[in-house]
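Dear colleague,

I am handing over the structure that you asked to look at, and below it I set out what was found in it. Please read the notes with the model open beside them.

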Amino acid sequence: MRKSAFAAGICLVAAAMVVSGCTSSRFGNYPTYQQPAPLDPAPAGQVTAGQLPPPTQPGQDPNAQTGFPNAPGTENGVAGDPNDPGSSIQQVNTAGPVTRESLVGAWKVTTAGSSCQMFMALTKWTGGFRAASRGCPGDAASVAAWDVQGQQVVLSDSNGNKVAALFSTGSGSFSGQTNSGAAISLSR
């Protein structure tokens, strides 16, 4: 009988400990945090649009006629096709050779007056390698592939049609034009 009374006493003590643990005030002493106050919106200015001249190589005269409106070999201020050897478009490459490996990863895309993100992978895809854009406007929204052709980066849609061509303008940056004539740039 002593063993059963002893066992009953242990069960009673264990039950008391469990119940007292559930009603402990230990957890009520933690501070509560309030949500921060909302931020004021950023001031909105006026947005203007216009065509910028193409970039020039360091040390070159920025006022040179090549690539500016009414320059020889341009029509309506737009330089010719970069793939045409007789074209007057100036290919700018200040950062050495363009490699596929150097393009893999996330990029900030600036076009049509806004910025978005693009990710380039080395997965084979129609038009080269797989690309995915997020929040891009205009032609950049249709980019699904990319490839390196010589010293230019070519962005293509899901059917393999060229959307834009860009040239290196420095380490981690590329600038060019979409097929519709809009300026487009990639930067890290």
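**Strand pairing**

In strand 3, Ala-132 is the bridge partner of Phe-119. The model is a predicted one, in which local features need pLDDT of at least 70 and side-chain atom pairs count only at pLDDT 80 or more, while totals for chains, interfaces and linings use all residues. Residues are numbered from 1 along each chain as its sequence is written, and side-chain values use heavy atoms, with hydrogens and water left out.

The protein chain holds two helices and eight strands, where helices (H or I, at least four residues) and strands (E, at least two) are DSSP runs numbered from the N terminus. Along the sequence they follow the pattern α-α-β-β-β-β-β-β-β-β. Of the 188 residues in the protein chain, 24% are buried; here buried means under 20% relative accessible area, exposed means over 50%, and partly exposed lies in between, with a 1.4 Å probe and protein chains only. Among the contacts in the protein chain with a separation of 6 or more, 37% are between residues 24 or more positions apart, a contact being heavy atoms within 4.5 Å.

Strand 2 (residues 114-125) and strand 3 (residues 128-134) are antiparallel and pair over six bridges; two strands are said to pair if DSSP finds at least two bridges between them. Their hairpin has two residues between the strands, and Gly-127 takes a positive phi near 95 degrees there. Strand 3 is also joined to strand 4 (residues 145-149), again in the antiparallel sense, by two bridges, and Arg-130 stands opposite Ala-145 in strand 4.

Further along, strand 5 (residues 152-156) runs antiparallel to strand 6 and is joined to strand 6 by five bridges, with Val-153 opposite Leu-166. The hairpin of these two strands has five residues between them, and in this hairpin Gly-160 takes a positive phi near 85 degrees. Strand 6 (residues 162-170) is mostly covered, since seven of its nine residues are buried. Strand 6 pairs with strand 7 as well, in the antiparallel sense and over six bridges. The hairpin that strand 6 and strand 7 form has two residues between the strands, and Gly-172 in the turn has a positive phi of about 75 degrees.

**Asp-139 and its polar contacts**

Which side chains does Asp-139 meet in polar contacts? Asp-139 is placed in the loop between strand 3 and strand 4, and its relative accessible area of 27% makes Asp-139 partly exposed. The side chain of Asp-139 makes a polar contact of 3.0 Å with the side chain of Thr-178 and another, of 2.6 Å, with the side chain of Ser-180. A polar contact here is a pair of N or O atoms within 3.5 Å; within protein, one must be able to donate a hydrogen and the other to accept it, and residues adjacent in sequence count only if both atoms are side-chain atoms. The side chains of Thr-178 and Ser-180 are themselves joined by a polar contact of 3.1 Å.

Thr-178 lies in strand 7 (residues 173-178), where Ala-164 stands opposite Thr-178. With a relative accessible area of 6%, Thr-178 is buried. Leaving aside neighbours within four places in sequence, Thr-178 is in contact with Asp-139, Val-163, Ala-164 and Ile-184, and Asp-139, on the same terms, is in contact with Val-163, Thr-178, Asn-179 and Ser-180. Asp-139 and Leu-155, which are 16 residues apart in sequence, are 9.9 Å apart in space, C-alpha to C-alpha.

**Ala-112**

Ala-112 is found in the loop between strand 1 (105-111) and strand 2. Although Ala-112 is not a glycine, its phi is positive, at about 50 degrees. Most residues other than glycine have a negative phi. Ala-112 is exposed, with a relative accessible area of 56%.

With regards
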